[in-house]
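Q: Can you walk me through this one? I'd like to go through it piece by piece.

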Amino acid sequence: MILKTIHTDSIKGFRQAWSDNTDDGFHPNAAIIFSSVDLGLRELVDFLETKNVSVFGCSSCGEFLYDSQDQIITDGGLVCLMMTLIPGSFEIKLFNGNVKPSFNLGNEIGKWAGEVFKKPAILVLGSGLDTDGEQLVKGIQHHTGNEIRMFGGLAGDDARFKETFVFSGKTLENNGAIALVLNTDLYEINGIATSGWVSIGADKIITHSEGNVVYTIDDQPALDVYKDYLNVRDTDLPEIGVEYPLLIKKPDSRDILRAVINVDTAKKSLIFAGTVPNGAVVTFSSSPGFEIIEDTRQKVNQFYNQNSETDMLILFSCMARHNALGPTISEEINEAWQNWAKPLIGFFTYGEIGNNYTAACDFHNETFTMVSLKQKTDVA
Amino acid sequence: MSHKFLSLIEDLSKIQNPEDFAGRLGSVIDELKKFNSEYDKLLFKYERSSKEKNILSSLLIRTSADLKKVSDKLKIRAEELSTLLTTIPAYVYFKDTSLKYMIVNQPFAEMAGIPADQITGKTIYDIFPGYKNTAYLDKEAYSIESGFALYDIEEEIEHTGRKRWVNSNIAPIRNSENQIIGLIGISWDITERKLHEEELRLSKELAEAGTIAKNEFIASISHEFRTPMNGILGLSEILKHSVLTHEQLDLLNGIISSAENLLVLLNDVLDFSAIEAGKMEMDYQPFMLDRVMEDISLVMKMKAAEKSLAYNICIAENVPNLLIGDSQRFRQIMINLTNNAVKFTEKGKIEVHISQLEQSGNRTNLRFEVLDTGSGIPPESLDSLFKVFSRVKQDRSKLISGTGLGLSICKKLTDLMGGQIGVESTLGKGSLFWFILPFTLSNIQKNKSQIAQSFETSSFSKKLVLVAEDNLINQRIVSYQLTKMGFEVDLAEDGQQALEKYHARKFDLIILDIQMPVMNGYQVAKAIRTDEKGTSRHLAIIALTANAMKGDRELYLDAGMDGYVSKPFTFETLQQTIISVLH
């Protein structure tokens, strides 16, 4: 597997870098690209269409690229990992979001993945602020089963919460999903998802919700509760709300965080990145401060000890972590890169998808979700 | 960092050679970048802290208020639970897995006589020093081991000089991970209940003894009634054969009718008490069904005719005639049902149908039906009709007397004989009483004509009979009846006198009352049979008895008697018995 990287702050710069990287006869057959919406994604896709390359990309809320040359975290930039994957070992497909609800979209992806490979692993990115990440995951698992290795995230738009995109080498889609499916006979994929957010205060009950839209909490309008408890204005949401997600208590102790990604001021409702069931017992939650970096560091080292060889790393980190940790976020990303010293690409998301070790895949918020991808040696 | 940076700047200022300066400047720039990065982080942390302060403080204030509310609710809940635990009128305790008390409620502590907080950590043996059993602890250990709750464990414990019975329910307690961490026990003091149960047991025994005594008394008193009843009926019969005016005859018929009714009541009471006391046993002997039915018809046809009712008997052709069964009890049931039919029918007819349901080997089941065109029985009364003292609540109950025992006795008799009894009725149209009895087929070839012939050809003229009877009224009745049959009668007032007369004269027949002074009937009979021993002589002896219980017949026969007649008896009964004994 040959890998080359690009980081830039313009499409013009991207064209140049692409040209520079392929001057020596390097012909990538796949690329992972995370880009700010400000750079002109239409122009980017038009350019990529001329390069006959399969692209797995989405808009972001900040991007990062770590390799031996540079270790960069950007806002409003673009990062790209150019790859030569084994022909026939992968496929990328963009799915139109007109297939609603999110479960059905996931169902379509799961069905396709099962048709492409007998034992697939899936990387998936979703766009659209109404997309329910949990239903997307459940839809995929409906076809593949819970055991499938699956990682990904929901696209961002630099914390504007207006419009997010996924794109292939040909198409740009503001309401859909793109999936990269890999043959696990040829690639080994592992990952972790860690949060560090802690529960605050007493239990509350979701008294009216539909899917990922919450109307009332303890019989009070959900938006009023958030504004009152966080002492913020309408305009501060959803950005501030992302950092103070609801922690949904589950009987099996696998508590899940759900971040606000949109608000409906008319209905005084909140739209979360994933399902918040009616009747769910929830609490507010918050990052406990900069010590979560140490927590992540320990989890990353633990993961490295069990999985020390990889060709590349992909990181889906919640934009709330970036907000909460600021420039210190580099410390937890750096920890990952330094362990393996292999190219690491990623972006700040509106939601993460991943297996934690060998557990079933879940949709998360506020997590540091990292994937290691390794081509199996015997097929190199 | 800043110290290192300043040191580099200081070194830089001392460099004279421009080439060295350029090289050192690179290091300074690297340090400056690091410094800048650290500065950015510190600045972010500072700004972040300021920005977050408002949100977090608001969140903490709000959620603290929530927690306070929750805490207040929990406190109230805890107080409620504590009150519940304290005031619940039972001994409540929690034990750990080593069966040591963790928490007990106030009633438990009061019963133990030890403050609740001092019971924690102690075992049952610490709390109740006199307690020696292991059974209860074994059950607790089983509950913890198996995870099962156990109920109604009763045990008597003695503590502080007082014995008490307790009933306990125990159940294992589990933690959030479903592991058993101890058990809860709830016990009640059931000492009062136990005492009450003992009282009830004694009362029941007394009541049962009382019932037995009552039944024996009724049986005894009924027996005592029979002798004067025999006198009334016998003398009335004698009187009836004397010259009377119409008015006197009417009055005498009234006396006889009342006495007969009283006799029915007495018989019912006697039968019922015998059944209740478990002393009613069936006496299975060969008999002829048509003969019994003819006897019943003779009486019933007359009774029916008095009310202008038709009375018909229909016996199916396949019904066997020679049967083994208790003919007396069968007769009693049939008479009771036909008598009722006549009583409760004002116009129309009474029909008796007999059919064979099935025959297998020498066993047969016969169905007897008594149909009437009477007033019928309301449906709500049908179920209770065969119960004790049940009377149909209708106008007719006011008109017709009875104990209410008749049908109940019929039911019990059919049960005793392994049969069934029932009724179907339509108000205003009539009733159908039926019963089914099993019989054994008899192989004794004896027919009605033979019996009838012997009956008709009998003649007692100039035969000498000795009547031994201490009751002068009965003596007179028997003498009258025997004389009417053609006998020459000699009398004895007790057993001794009877034996003396036996030795003095040659009698054809002796009729012995059983209960007589000096020598009773058994003794006289045995003495006569002893005297006859070694000779060809056999004097016919008939017992007169007020007893009518099963087993009496065997007693008389064992004593050497040839037959017996129960008081009160009719002329026909006595005559029939004499015929059977002398032929």
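Q: Is Ile354(B) buried, exposed or partly exposed?
A: Ile354(B) is partly exposed, because 17 other C-beta atoms lie within 10 Å. Buried means 20 or more other C-beta atoms within 10 Å of the residue's own, exposed means 12 or fewer, and partly exposed is in between, with C-beta atoms placed from the backbone. Keep in mind that this is a predicted model: local features need pLDDT of at least 70, side-chain atom pairs count only at pLDDT 80 or more, and totals for chains, interfaces and linings use all residues. Residues are numbered from 1 along each chain as its sequence is written, while chains are lettered from A and ligands numbered from 1 in the order in which they are written.

Q: Which strand holds Ile354(B)?
A: Strand β9 of chain B, residues 349-360. Strands (E, at least two residues) and helices (H or I, at least four) are DSSP runs, numbered from the N terminus.

Q: And what does Ile354(B) touch?
A: Leaving out residues up to four places away in sequence, Ile354(B) touches Ile315(B), Ala316(B), Val319(B), Leu366(B) and Phe368(B). Contact means C-beta atoms, placed from the backbone, within 7 Å.

Q: How far is Ile354(B) from Trp434(B)?
A: Their C-alpha atoms are separated by 9.6 Å, though the two are 80 residues apart along the chain.

Q: New topic. At what angle do α8(B) and α13(B) pack?
A: About 40°, with axes 10 Å apart. Axes are lines fitted to C-alpha atoms, for helices over the stretch in contact, and angles run from 0 to 180 degrees between N-to-C directions. So α8(B) is oblique to α13(B). Under 35 degrees counts as roughly parallel, over 145 as roughly antiparallel, 65 to 115 as roughly perpendicular, and the rest as oblique.

Q: Which residues make that contact between α8(B) and α13(B)?
A: α8(B) gives Asp268(B), Asp271(B), Phe272(B) and Ile275(B). From α13(B) come Gly406(B), Ile409(B) and Lys412(B).

Q: Over to chain A. How long is α4(A)?
A: Helix α4(A) covers residues 133-144, 12 residues in total. From first C-alpha to last, α4(A) reaches 17 Å, close to the expected 16 Å. The expected span is 1.5 Å times one less than the number of residues.

Q: How many residues of α4(A) are buried?
A: 9 of the 12, so α4(A) is largely enclosed by the rest of the structure. Among them are Leu136(A), Val137(A) and Ile140(A).

Q: What covers the buried residues of α4(A)?
A: The cover includes α3, β8, β9, β12, β24 and β25 of chain A.

Q: What comes just after α4(A)?
A: Gly145(A), with a positive phi of about 90°.

Conventions: Contact = placed C-beta atoms within 7 Å.
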